[in-house]
Amino acid sequence: MTISALFLLDLKGKILIARNYRGDIPTSAVERFLPLLMEAEEAEEGEKKPVLTNGQGVHYLYIKHNNVYLLAITRKNSNAATILLFLENLIQVFKGYFKTLEEESVRDNFVIIYELLDEMIDYGYPQTTESKILQEYITQESHALEVQTRPPSSITGSVHWRQSDIKYRKNEVFLDVVESVNLMANANGNVLRSEVLGSVKMRCYLSGMPELRLGLNDKVLFENQARAGNSSGGGAGAGGQGGSARGKSIEMDDVRFHQCVRLARFESDRTISFVPPDGDFELMSYRIGMQVKPLIWCEAAIERYSSSRLEYMIKAKTQFKRRSSANNVEIWVPVPEDADSPKFKASAGYVTYAPEQNSVVWKIKQFPGGKEYVMRAHFGLPSVKNEDVEKRPPIRVKFEIPYFTVSGIQVRYLKIVEKTGYHALPWVRYITQNGEYNLRLPEPVKNSSMVMAPL
């Protein structure tokens, strides 16, 4: 991947920052960018393409952020995705220095921007993009110009995301396994679509250059261990007890790792081995395509009285074990946009009307497993208006369940190895929360064909 030149432009295409790294593209090439962008938008009816070409072998790759275009130009057959990822990282670095990236902040900080561009790209080849490392020796403080600063060892070594001289009085590492449930169910309770999106987030306060090893109940790992045990005469060995001894195993898809993870080690023995960055970072993310039973199910009944009033009955039920509880539950029930005169009654929590969202919001601070609560709502309908069934939005549910994972993922071990041999405390926490969690509403029942108790 090579970048011939990099520009920061305003919305009119005027150059704010320019840096030509390879000299194989004239500065005037940037003048073709805005016309090419307008032609592409007109040809594609407003659809924007992140890569443009002028037909003469010059390629324009750009990202628009606020009122600034970040534009990379290249003549080489470069990896477009890698260049766009670098531009995204460049935005994050700029935000680390002056919080907001926009035209005014670029003009106010052009000196530091040129310093960063010179350090982050060498002859068109990207170097380091770690904001924390860059801030150690590229600073906006004027007195720093009087002292000759030396690049930290982290910029010259193989572990460029971490310094080697970090020291803490108390060495700790916190690990959060966070899973988001995406689910769509129809009014009868049948799940139409479901998946689990997970991430492993870490917060490290460790001295020196520790190496961490993380083990999960990975299905591929258990199968490999079982084959190894069978080939050696059935000996279990260390951790070779198989899925039955370890409990449930999971099969993860679309796994993505932080750059600190040794991918070759993971491919060979499924061990997640890494030297962590200091502070907060996301170690990995994954997706599990599985049939998920609705953790919070809402049974709805809607009764319409001659287009003059409307009544809802929502019966919410948690469908997980009693030892767990859902916190900060919000159930958003859509209502007609012309509804008025709201009246509510709930067996738990409290109910508010959000007219700007055309919704009733039922909030329950804590919802234990195996419990069932009922909410009733009454609205007047001043106008006679036929509701479009196809456009009726579903019920949305928001929640957070601590100490619980819907996929059954488990941290089997978290080992911390450092050459000084200090003792570190690992802390592990599990959280399940809503993603796009939607439950479709049933058809309203007209007149009095069903009986609902009065409010």
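**Figure 1. The buried residues of α1 pack against β1 (5–9), β3 (51–53), β4 (59–65) and β5 (68–74).** Packing here means contact, with heavy atoms within 4.5 Å. Helices (H or I, at least four residues) and strands (E, at least two) are DSSP runs, numbered from the N terminus. The model is predicted: local features need pLDDT of at least 70, side-chain atom pairs count only at pLDDT 80 or more, and totals for chains, interfaces and linings use all residues. Residues are numbered from 1 along each chain as its sequence is written, and side-chain values use heavy atoms, with hydrogens and water left out. Helix α1 covers residues 33–43, and F33, L36, L37 and A40 are buried in it. Seen down the helix axis, the buried residues of α1 fall within an arc of 100°, so they line one face. The arc is that of the directions from the helix axis to the C-beta atoms. Buried means under 20% relative accessible area, exposed over 50%, partly exposed in between (1.4 Å probe, protein chains only).

**Figure 2. Helix α2 spans residues 80–98.** Its 19 residues reach 27 Å from first C-alpha to last, close to the 27 Å expected at 1.5 Å a residue. The expected span is 1.5 Å times one less than the number of residues. N79 caps the N-terminal end of α2, with a side-chain oxygen 3.0 Å from the backbone nitrogen of A81. Buried residues of α2 include I83, F86, L90 and F94. Just after the helix, K99 takes a positive phi of about 65°.

**Figure 3. Strand β15 (residues 309–318) pairs with β14 (residues 296–305) in the antiparallel sense.** Two strands pair if DSSP finds at least two bridges between them. Nine bridges join β15 to β20 (residues 372–380), also antiparallel. I314 of β15 stands opposite A300. In β20, the bridge partner of I314 is M375.

**Figure 4. N190 lies in the loop between β8 (172–185) and β9 (191–205).** N190 counts as partly exposed because its relative accessibility is 45%. Leaving aside neighbours within four places in sequence, N190 is in contact with M184 and A185. The C-alpha atoms of N190 and K293 are separated by 9.0 Å. These two residues are 103 residues apart along the chain.

Key:
A polar contact is a pair of N or O atoms within 3.5 Å; within protein, one must be able to donate a hydrogen and the other to accept it, and residues adjacent in sequence count only if both atoms are side-chain atoms.
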